[in-house]
Structure formats: structure tokens, C-alpha cells
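Thank you all for coming. I would like to go through how the parts of this structure meet, and I will start once everyone has it on the screen.

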There are 2 protein chains.
Amino acid sequence: MAIKYAILGFLSWQALSGYDLKKLFEQAYFLYWSGNNNQIYTTLVQLHKDGAVTTEIDHQTSGPSRKIYTITDEGRQQLREWLLAGPELPQLRQPFFLQLMWADTLSPVELDELCAAYEHEMAIQLLMCQEKARRNELDPARSDRERLLWQLIAERWIGFYTEEVAWVQRLRAELAGKE
Amino acid sequence: MAIKYAILGFLSWQALSGYDLKKLFEQAYFLYWSGNNNQIYTTLVQLHKDGAVTTEIDHQTSGPSRKIYTITDEGRQQLREWLLAGPELPQLRQPFFLQLMWADTLSPVELDELCAAYEHEMAIQLLMCQEKARRNELDPARSDRERLLWQLIAERWIGFYTEEVAWVQRLRAELAGKE
DNA sequence: GTTGCCATGTAAGGTGTTACATGATTTA
DNA sequence: TAAATCATGTAACACCTTACATGGCAAC
């Protein structure tokens, strides 16, 4: 359950409510959980049961009550053990490649349209990444080292989309050249 | 259900048994389904129910009987419609980045060990990709265009791991420089 | 007064993974 | 005769997504 560590990570930065976490997950392009992810609430209950977080209710004067979650030493320890257990491997799923593999029934025009649409989508993702990295809304920046890590993660993400765009452009050029 | 189209794709190339498909899925690094994926069998039953494939039993003289699946016109049509519906978007999950984001509790040595282990894993993946691309075991090659598509997909996969290795090397160098 | 945001949850479904089960044949 | 490979399947689980439900408060 990777989301467990994502939550513990954010809570290791500061105490947050489930709703706060949902907003952070939506904002952060480098996290892959989709918008409106209510798995967060059930995972928080689980973390509480496991003693990794404590919770207290914030009775706001304006607006509904919020449950604020705070990480415990036990939670910090679990996060640390996850890091020491070794690196997680990337899971890159490229169903578009599967489409290309079996796209030989398409006409040259249809195939180029498919690739052009993909190029367009990747260009949009790239712009969104760059814009979010530029605004730099989310950055705990507790140390130079942490700042560097976050910086490089953002760059890698931008790099991925940059290369994806360049690759599909090359693909389209080579397909056009073959006709 | 992306695996449905992966299966239809392979069957659009040639008639295969469930076991053949399992072997192909294990071989193909560009497919993300894990080894020993028995989802294949249930999906084949579903595809048969939907009329996308037909099946006949091959009573082998040596070895157990095999169920050979053949794609139908209906199946080919479904595959084509999937292609025409537009490109699927990549789903890149990088839990390692999540680890780095919250790795500030690690000592410089622990952090470098984590990154070194990641670099090593990515280097292995890269070598495996390159070796499989070199051997080129799986290649329908029904046309020049199809050959080009497969070639470029292999290159993009190699490119991803190449960049991942280069990125983590840069990360380690910058971290070492900060100490 | 109704739209929209804050805030928390439940339930169902899709998809992929892992473990288990079975039995035949080939090879060492 | 033991191990490996061929071949098909079931069951349980993990994880993520989607839809639904509820209710308060603010703004227009």
C-alpha cells in the first residue's frame, strides 16, 4: 500500500486533515493517485489503528469540523524503515505503445492522427509540469538537501514529458518519410 | 481492461493458446503485466463470450491438449475501434520519487546507498532491454511500417532507462557536492 | 435559494498480483 | 524417480477508481 507511505510522508512534514491530503494529492503531479481519491480516508483510519498517527478534532468557528492527523514516532519509524528497505522500482505503463504495436490496420492518415493526438496530450502534460514546477507551491524546504531532492524530482518529471514529445515527433517524421 | 486489447493484438498477429500468450507477456518488456499472469485465462473466456475470439482444442500427440484461440472479425473490429478512440496516456508511477521526497531523515551515506541501489536496478533494466531489443525475438514484421513502429518503441524503452540512470547519477553527484 | 466549496465517509467495481490446484509429458 | 516444462484454471487479495451520500457554511 504505497499510499500509506505517501500519507506518512506528508504528515512527517506537518499535521494535516484528510481533506488537506486530498488537495495535496490533486496538486502534486508527481503523485499518481487520481483526483477525488477517498482511499485517503480509509487509509487514515488504518494508520490510526496501527498507531502511526494520532487524531484530534478541530472544531472550527466557521465551517465544519476537521480531523487533524499527526504522525507518531511509530509512524516516523515506519517511514524510515520503508526508505531503508531499498528503492521502489518504477512502474511505467504505456498502453499507447500497445496501440502502436498493433496499429498496422490503420491508414497512414489515421495513424498520424493517433500520434498527433498523443503528441498534443504529452505537450499539455509537459506545460502543466513546467508551470507547477515554476510556481513551486508545494515545497517543505526544511533543508538544502531536501530542496535539491524536490528540485531534481521536478526536473526528471519534466524530462520525461520532454522526451516523450521529442520521441513521438521523431516517430511521426519517420512515418511520413516512409510513405 | 487494457489486457483485453493486448491479447487481441497478439491474436491479430497469429492464433495462440493461453499458455503461448503467457510466455509472450513474460518475454515482452514493453508490456507491464507481471510474469505468471493467469488473468489471461479469465480474459480469454470473456473474449470468447463476447464473440471476439473462437477456440478449438489441439489434441497434441505429445503433451497435454491446448486451446488455440483465433481472433474473429468482431475482435479485429474491437481492436480497430480502440485505436480510433484516441491515444491512451502513460501511467508513470515512481514510488522511488516518493521515497526521495521524504528521505531527509536519512544520513548522507544512507541516502547515497538508496540512490546507488536504484541506479543499479535501473542499469540492470537497461541492459535487459538492450539485450532483448538486440535479440529481437518478438517481431511480427508484417510490413516496413510495423517494423519501424516496433523498432521505435524499443528505442523509447531503452531511452527511458538510459535517462533514469543518467538522472540518478547526476542526483548522486549533486548530493555528494553539497556535503 | 441555489451553486459551490469545505469536510468526511461508504460501497461497488475494475484491474492486476499472488497463491494454490491439477495433471500430463519430457528430461536428467 | 525426481525435477522441469507444458497447459489450464480457481480463489483470494491488494490497490486504485468511481459513484454515491451527507451536511455545514459562504457567496451571489
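How many bridges join E4(A) to strand E4 of chain B, and do they run parallel or antiparallel? Three bridges join E4(A) to E4(B), residues 91–93 of chain B, and the two strands run antiparallel; strands are DSSP runs of E of at least two residues, helices are runs of H or I of at least four, and both are numbered from the N terminus, while two strands pair if DSSP finds at least two bridges between them. Within this pairing, Leu92(A) stands opposite Leu92(B).

Before I go on, please keep in mind that this is a predicted model, in which local features need pLDDT of at least 70 and side-chain atom pairs count only at pLDDT 80 or more, whereas totals for chains, interfaces and linings use all residues. Residues are numbered from 1 along each chain as its sequence is written, chains are lettered from A and ligands numbered from 1 in the order in which they are written, and side-chain values use heavy atoms, with hydrogens and water left out.

Turning to the contact between the chains, 68 residues of chain A and 68 residues of chain B take part, contact meaning heavy atoms within 4.5 Å. Together they bury about 7,200 Å², with 70% of it on carbon and sulfur atoms; buried area here is the accessible area, taken with a 1.4 Å probe, that two parts lose on being put together, summed over both. On the chain A side, Trp102(A), Arg145(A) and Arg156(A) lose the most area to chain B, and together they make up 12% of what that side buries.

There are eight salt bridges between chain A and chain B, each being a side-chain nitrogen of Lys or Arg within 4 Å of a carboxyl oxygen of Asp or Glu. One of them links Arg170(A) to Glu155(B), where the closest N and O atoms are 2.6 Å apart. Several elements of chain A give two or more residues to the side that touches chain B, among them helix H1 (2–13), helix H6 (108–135) and helix H7 (144–178), and H7(A) gives the most, with 20 residues.

Finally, within chain A, an automatic or database domain assignment gives domain 1 (3–84) and domain 2 (95–178), whose C-alpha centres lie 30 Å apart. The area buried between these two domains is about 920 Å², with carbon and sulfur atoms giving 68%, and Trp13(A), Tyr29(A) and Phe30(A) supply 69% of what domain 1 buries against domain 2. Between the two domains of chain A, the count of salt bridges is zero.
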